[in-house]
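Thanks for coming. Please have a look at the sequence and the model before I start.

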Amino acid sequence: MENLEKPKSKMGFGKKLLIGIAILFGIAVIANIGKGKNNGTDSSSSQASTDVEKKEDKKTYISIGQTLKTDYFEVTVNKAELAAKLNTGNEFTDQNAGEGNQFLLLNTTFKNIDKESRMLTDGIVYITYNGKDYEFDKSETILAEGFGLMLDQLNPLISKTTTLVYKIPKEIKGPAYYRPGRADSEEKIYLGDFK
């Protein structure tokens with residue numbers, strides 16, 4: 001009987017290269033697993049990250065009357081006020097906030113600074129109350145001239161001033177911010193400290 005052994009095939013250069021890359025990648029992953037964790041030996045990196053967090057907490061935002069420039073719009077909150085009743089100038093569209101609620105009225109000017117028409121969206125009001133951040137992302141639909149956006153679209157370099165209306169609880173107190181629709185998360189306008 002003849003011994004019919006298969007001839008040993010040589011591994012190609014491509015396979016060797018792939019295996020080598022996979023091994024190097026594995027070593028890099030294992031080497032980086034422990035990085036970023038403070039094992040009690042490096043307090044400077046922990047202190048540095050705490051300092052960064054403190055700086056972010058103390059970030060200064062623009063306030064009422066100042067203009068915030070976003071990708072597509074310049075946004076100015078001209079006036080912010082709290083009211084129990086919304087007076088639109090038309091008795092059929094006037095509204096009460098309801099028991100335990102109040103309206104936050106933001107008289108706001110939007111100017112399209114892009115080179116094409118852009119749609120306006122209401123945005124979000126943030127209020128910090130009792131250590132929690134609350135998001136009020138639904139504005140009230142007011143069918144009266146000078147209120148809301150109603151999916152308005154502005155041509156380039158055109159401005160529109162309107163009053164945005166948000167219903168919020170009367171009990172809520174604390175610093176409030178407005179982030180216009182389509183603005184980055186850090187692009188906010190400080191509305192004041194609600195008391």
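I will go through a sheet, a hairpin and a cavity.

This is a predicted model, in which local features need pLDDT of at least 70, side-chain atom pairs count only at pLDDT 80 or more, and totals for chains, interfaces and linings use all residues. Residues are numbered from 1 along each chain as its sequence is written, and side-chain values use heavy atoms, with hydrogens and water left out.

First, the sheet. Strands here are DSSP runs of E with at least two residues, numbered from the N terminus, and two of them pair if DSSP finds at least two bridges between them. Four strands make an open, antiparallel sheet in the order β2-β3-β6-β11. β2 (67-69) and β11 (159-169) have a single partner strand each, so one side of each has no neighbour in the sheet. Direction ignored, neighbouring strands are turned by 30 degrees against each other on average, with axes fitted to C-alpha atoms. Between β3 (residues 73-83) and β6 (residues 101-112) there are 10 bridges, and Val75 stands opposite Phe110 in β6.

Next, the hairpin. Five bridges join β8 (residues 124-129) to the antiparallel β9 (residues 132-136). Tyr129 has Lys132 in β9 as its bridge partner. Two residues lie between the strands, and Asn130 has a positive phi near 50 degrees.

Last, where is the largest cavity lined? Its lining residues are Thr70, Phe73, Val75, Phe110, Leu120, Thr121, Pro180 and Gly181. A cavity is a set of points on a 1 Å grid where a 1.4 Å probe fits but cannot get out, and lining residues have an atom within 4 Å of a point.

Terms used:
On a 1 Å grid over the protein atoms alone, a cavity is a set of points where a 1.4 Å probe fits but cannot get out, and a pocket is an open set with protein on both sides within 12 Å along at least five of seven lines; lining residues have an atom within 4 Å of a point. Axes are lines fitted to C-alpha atoms, for helices over the stretch in contact, and angles run from 0 to 180 degrees between N-to-C directions.
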